[in-house]
Amino acid sequence: MRFKPLVLVSPGVEADNPGLFEEMLGGMADVSFGTFRRGGVVPAEVGEAEAMVLGLEPVDDWILDRAPRLRIVARYGVGYDTVDVEACTRRGIYVTHTPGVLSSAVAELTMGLMLCLSRRLIRADRYVREDWWRPDRGRLQMGMDLNGKVLGIVGLGRIGVEVAARARAFNMKVLYHDVEPKREAERSLGVEYTDLDTLLRSSDFISLHVPLTPRTRGLIGERELKMMKPTAYIINTSRGSVLDEGALCKALKMGWIAGAGLDVFEKEPLQRDSELINMDNVVLTPHIGSYTSETRRAMALMCVENVRAVLEGKRPPNLVPEQKDIIIS
Ligand code: GLV
């Protein structure tokens, strides 16, 4: 017999924040840990959970059918493409996410990938360890300045704006494309709106910061990659499926572009047989955009705030946009 509501927390989320959920929610809820995959084994707690704090577990009718008591899905992250919001809304389940608190961390990683590419940092590190001391060593390929180069930002939302500010500090010229121009950001950051094709043709670096939606899936494919300069680099810290990975591999092999910095992939973890693994004009990181201790803690606290509100019978503060203007009942 359970006297308190049950909150199910994904083990990966707990591992980032050991004990935090128990400490913050234990007074009002039982906290349990478990994960699931579509069609896989479902932990018994799913059937009892009134709240779930989730990483990238897929939430759709299949799991919702098994979670009859659920009142809130608290996504630990800003992107919620893994959650079928409509199915949740239909069942009176709130969906929240963690916008804002991770924007600077993702922007910092974006700049890091850009610097790794422009200064060949990964290669340079390997050179020191393996070659520098050899009398017959070869030469490292020369890098490229960011100073004075053009950065094209696709999606000037919360994260795109943070990237723009950092790029301006590096004295880059910043172009952006979005569904609509952001005049205030243009004034405050000195960035310039262009259509996507102009951005692709004019940029030395292109960075993707759009959410994954039916409209942005495959947004950058063969046609778009062919429009880029052969000396340009593409960086993706948004979602793997925004960039067609097959087309990207072709572009990297054929020299349509100079290289790529990728934190996200169509299928994660990236499999060992992916062509990207053996390419030396790419820098790869394992979806770590928000993976810093400060940011992950801020995200966890935001999830706690959302769960607590719902368990207290209130509307959670960080609803996804689709649920902002509707009553969930
Ligand atoms: C991470 O991928 C997020 O959605 O925040």
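A surface patch is made of residues with over 30% relative accessible area and no salt bridge, where nonpolar side chains (Val, Leu, Ile, Met, Phe, Trp, Tyr) are joined within 5 Å and like charges within 9 Å. This is a predicted model, in which local features need pLDDT of at least 70, side-chain atom pairs count only at pLDDT 80 or more, and totals for chains, interfaces and linings use all residues. Residues are numbered from 1 along each chain as its sequence is written, and side-chain values use heavy atoms, with hydrogens and water left out.

**Exercise 1.** Find which residues make the nonpolar surface patch of about 390 Å², and state where W133 is placed.

*Solution.* Begin with the members of the patch, which are V128, W132 and W133. Finally, W133 counts as exposed because its relative accessible area is 57%, and exposed means over 50%, buried under 20%, and partly exposed in between (1.4 Å probe, protein chains only).

**Exercise 2.** Describe helix α11 (residues 245-254) by its buried residues, by what covers them, and by its two ends.

*Solution.* In the helix itself, E245, A247, L248, C249, A251 and L252 are buried. Their cover includes α10 (222-227) together with the strands β10 (233-236), β11 (259-262) and β12 (282-284). At the start of α11, a side-chain oxygen of D244 comes to within 3.0 Å of the backbone nitrogen of G246, while after the helix comes G255, which has a positive phi near 75 degrees.

How values were computed
Accessible areas come from the Shrake-Rupley method with a 1.4 Å probe; for residues, only the protein chains shown count as cover. A salt bridge is a side-chain nitrogen of Lys or Arg within 4 Å of a carboxyl oxygen of Asp or Glu. Helices (H or I, at least four residues) and strands (E, at least two) are DSSP runs, numbered from the N terminus. Contact means heavy atoms within 4.5 Å. A polar contact is a pair of N or O atoms within 3.5 Å; within protein, one must be able to donate a hydrogen and the other to accept it, and residues adjacent in sequence count only if both atoms are side-chain atoms.
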